[in-house]
Amino acid sequence: MSDASPYFAELWRNGDVVPPGTRVKTFRHERTGVLRMTSVSLPINGMPECRVVTYTPSDEESRRGLDLLLAEEG
């Protein structure tokens, strides 16, 4: 869209396209069931097309499920 619209490109460059905030995303895993994760998107200065997204459990049930998965990996 940046190529098609100079106005959009300016908004994107300034980070004005979507206000920052958190979102809850739901994942279904075969071993743990539903995992509800809060995602936070962080911009990278000087790289408007790139973001770092972190996910943290939104509730205790999701934290236990994530702990189970991490224990299996470790």
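**Entry 1**
I call a residue buried under 20% relative accessible area, exposed over 50%, and partly exposed in between. I am reading a predicted model here. Phe27 has a relative accessible area of 38%, so I noted Phe27 as partly exposed. I then looked up Tyr55, which at 36% relative accessibility counts as partly exposed too.

**Entry 2: the aromatic rings**
How many aromatic pairs does a search of the whole structure find? I got one. I reminded myself that such a pair is described by the distance of the ring centres and the angle of the planes. For Phe27 and Tyr55 the centres are 5.8 Å apart and the planes stand at 80°. Planes over 60 degrees apart count as edge-to-face, so that is my label for this pair.

**Entry 3**
Next I followed the strands themselves. Three of them form an open sheet, ordered β1-β2-β3, with antiparallel pairing. I marked β1 (22–29) and β3 (47–57) as the edge strands, since each pairs on one side only. On average, neighbouring strands are turned by 35° against each other, direction ignored.

**Entry 4: β1 beside β2, and a helix**
I found eight bridges between β1 and strand β2 (residues 33–44), which pair in the antiparallel sense. Opposite Lys25 I found Met37 in β2. Which strands does helix α2 touch? Helix α2 (residues 60–73) packs on the sheet and touches β1, β2 and β3. I wrote down about 85° between the direction of helix α2 and that of β2.

Key. Residues are numbered from 1 along each chain as its sequence is written. This is a predicted model: local features need pLDDT of at least 70, side-chain atom pairs count only at pLDDT 80 or more; totals for chains, interfaces and linings use all residues. Side-chain values use heavy atoms; hydrogens and water are left out. Two strands pair if DSSP finds at least two bridges between them. Helices (H or I, at least four residues) and strands (E, at least two) are DSSP runs, numbered from the N terminus. Axes are lines fitted to C-alpha atoms, for helices over the stretch in contact, and angles run from 0 to 180 degrees between N-to-C directions. Contact means heavy atoms within 4.5 Å. Rings of Phe, Tyr and Trp (its six-membered ring) pair if their centres lie within 6.5 Å; planes under 30 degrees apart count as stacked, over 60 as edge-to-face and the rest as tilted. Buried means under 20% relative accessible area, exposed over 50%, partly exposed in between (1.4 Å probe, protein chains only).
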